[in-house]
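Welcome! Here is a short tour of a structure that may be new to you, taken one contact at a time.

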Amino acid sequence: MKILTCPVNGPRNISEFIYGGEYHPQPDPKQSSDREWAEYVFFHANTRGRVIEWWCHSATSVWFLAERDTGTDQVVRTFVAGNWPKDLDQSEELT
Amino acid sequence: MPLSLLKYGFSDRFPAKFQFTPTKNLKKHYDVVIIGAGGHGAAIAFYLAKYHGITDIALLDRSYLGGGNTARNTAVIRSNYLTPEGVRFYRESVRLFHELSNELNYNVMLEERGQLTLACTDAAIRSFRWRAEMNQHLGVRSELVDRQMVRELVPSLRMAENGRYPVLGGLWHADGATARHDAVVWGYAREACARGVELHQLTEVQGIDIQNGVAKGVRTNRGDISCGCVVQAVAGMSSVVAEMAGIRLPIHSYPLQAMVTQPYKPMLDPLVSSPQLHVYVQQTSRGEFVIGGGSDPYPLYSTRSTLEMKETLSAAILELFPFLAQAKVLRQWAGITDMTPDYSPIMGLSPVENYYLDAGWGTWGFKATPICGKTMAQLVATGTVPDLIQPFELERFYRFEQVNEAGATAASH
């Protein structure tokens with residue numbers, strides 16, 4: 001059984017978590033064109049390698065971010081959105 | 001008998017026939033480079049060679065012929081989709097499958113056994129009625145059947161009258177079929193190679209040469225080649241390969257796990273699926289039960305398997321066929337599915353000139369192999385997008401015109 005570490009609840013079984021998609025900043029809905037909005041809604045980097053993504057611990061509704069390698073399924077670290085690691089650029093998604 | 005067999009085997013008068021041309025060095029230039037030698041890639045090469053007279057083709061694969069999702073799918077052929085665009089497309093594919101063994105002079109072992117999708121809720125019945133009406137309107141054999149008919153079609157099925165998921169009825173799709181998936185890609189590749197197409201296995205594309213928005217060639221681990229155009233048909237790796245060409249796709253790659261039991265006597269004729277239980281099953285002509293389900297709960301580029309998914313699959317299949325509790329699992333595996341937001345493929349032109357996309361095949365790629373080969377070949381040869389695949393172009397996402405087939409999956413994901 002795979003274990004994922006929730007920043008609030010500690011290590012828990014992965015079946016308690018819901019995957020929430022790649023982290024990518026939302027463009028300003030008032031400023032962006034239809035094309036930019038479509039990019040945001042539908043298109044993904046779908047990177048093979050290290051990505052930042054949203055996860056939710058469903059039992060406690062805690063949303064947090066995880067850095068995970070999508071090639072090996074190894075979770076490097078997890079953190080809540082307000083506590084970005086200093087070595088990660090939060091303005092753009094990792095590609 | 002064994003001696004005469006040996007004599008026959010070693011005799012010069014009966015030399016072994018090779019199905020595929022031996023690998024040569026890569027040429028400097030090809031008219032068409034196809035990335036991915038799976039069913040789709042081989043089919044595109046075949047239709048280009050046979051019907052469009054284009055034979056200067058390199059069919060590249062980083063591994064071996066048909067070793068990706070062509071080997072990993074569960075060989076379901078059906079056309080009972082929900083949208084007119086989808087139904088027309090898959091209907092044509094089913095038709096091509098019927099003539100495929102003749103077309104290729106290679107037995108793809110097509111068996112038209114029909115497919116039964118089970119309904120456990122009133123909502124499922126309503127959506128099945130919708131699908132049945134849409135299918136019949138477009139000449140596809142689908143009908144809503146009641147409990148009695150389900151019982152007659154699959155006597156061994158547990159109806160679960162008092163269970164959590166009672167079988168209320170089903171969508172009976174008489175056109176549903178199965179075929180030997182390996183034979184499909186081998187047949188296409190053999191016939192393509194016989195017409196001059198070069199199959200290059202263990203040839204990994206590592207970069208795509210683009211000048212002023214036009215694809216000019218590819219870089220591989222066996223050298224660079226220039227080409228007239230590039231077609232990518234790489235299923236689970238679609239985003240990774242497209243990125244080399246600077247193209248972003250609306251795709252997430254999820255593993256999908258399946259398994260096969262030990263062989264039993266023939267006892268299950270149709271293909272059976274339950275969207276409610278996220279499981280589908282069929283008995284192969286060898287007697288094994290092939291069991292597949294929904295995709296994994298989160299994206300991954302690894303074909304590892306997990307005990308959780310195997311437990312989920314087993315629990316679901318026992319709801320339908322309790323006698324399988326005694327069955328032993330012979331093999332289990334996973335394939336990477338390239339899921340699109342609307343569960344329809346992404347085919348046709350790309351933002352890069354002379355670079356064609358054949359991607360987003362999620363869990364519905366095998367059944368589309370022939371029609372995909374035919375239409376993509378037409379596109380490459382003539383430069384115009386065939387009507388049949390026009391609705392599946394990448395641009396549809398920018399126009400918010402999705403072709404929603406999420407309701408027509410065999411085991412909703």
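## Two domains in chain B

In this predicted model, the C-alpha centres of domain 1 and domain 2 of chain B are 26 Å apart. Domain 1 of chain B is made of residues 30–112 + 176–250 + 340–413, while domain 2 of chain B is made of 113–175 + 252–339.

## Where the domains touch

Domain 1 of chain B brings 37 residues to the contact, and domain 2 of chain B brings 38 residues. On the domain 1 side, two or more residues come from each of helix 3 (69–72), helix 4 (84–98), strand 7 (177–178) and helix 9 (238–244) of chain B. Helix 4 of chain B gives the largest share of that side, with five residues. Sorted by class, the domain 1 side holds 13 nonpolar, 18 polar and six charged residues.

## A pair of packed helices

Next, look at helix 2 (residues 39–51) and helix 8 (residues 181–194) of chain B: they pack at an angle of about 35°, and their axes are 8 Å apart. Their crossing is left-handed. Helix 2 of chain B takes part through Gly39(B), Ala42(B), Ala43(B), Ala45(B), Phe46(B) and Ala49(B), and helix 8 of chain B through Val184(B), Val185(B), Tyr188(B), Ala189(B), Glu191(B) and Ala192(B). This contact has ten nonpolar, one polar and one charged residues.

## Where the chains meet

How many residues does each chain give to the contact between chain A and chain B? Chain A gives 14 residues and chain B gives 20 residues. Helix 1 (residues 34–42) of chain A supplies the largest share of the chain A side, three residues. That side has five nonpolar, six polar and three charged residues.

Terms used
Residues numbered from 1 in each chain as written. Chains lettered and ligands numbered in written order. Predicted model: local features only at pLDDT ≥ 70, side-chain atom pairs only at ≥ 80, totals over all residues. Contact = placed C-beta atoms within 7 Å. Helix = DSSP H or I, 4+ residues; strand = E, 2+ residues; numbered from the N terminus. Nonpolar A, V, L, I, M, F, W, Y, C, P; charged D, E, K, R; others polar. Domains from an automatic or database assignment. Axes fitted to C-alpha atoms, helices over the stretch in contact; angles between N-to-C directions. Left-handed = near helix turned anticlockwise from the far one by under 90°.
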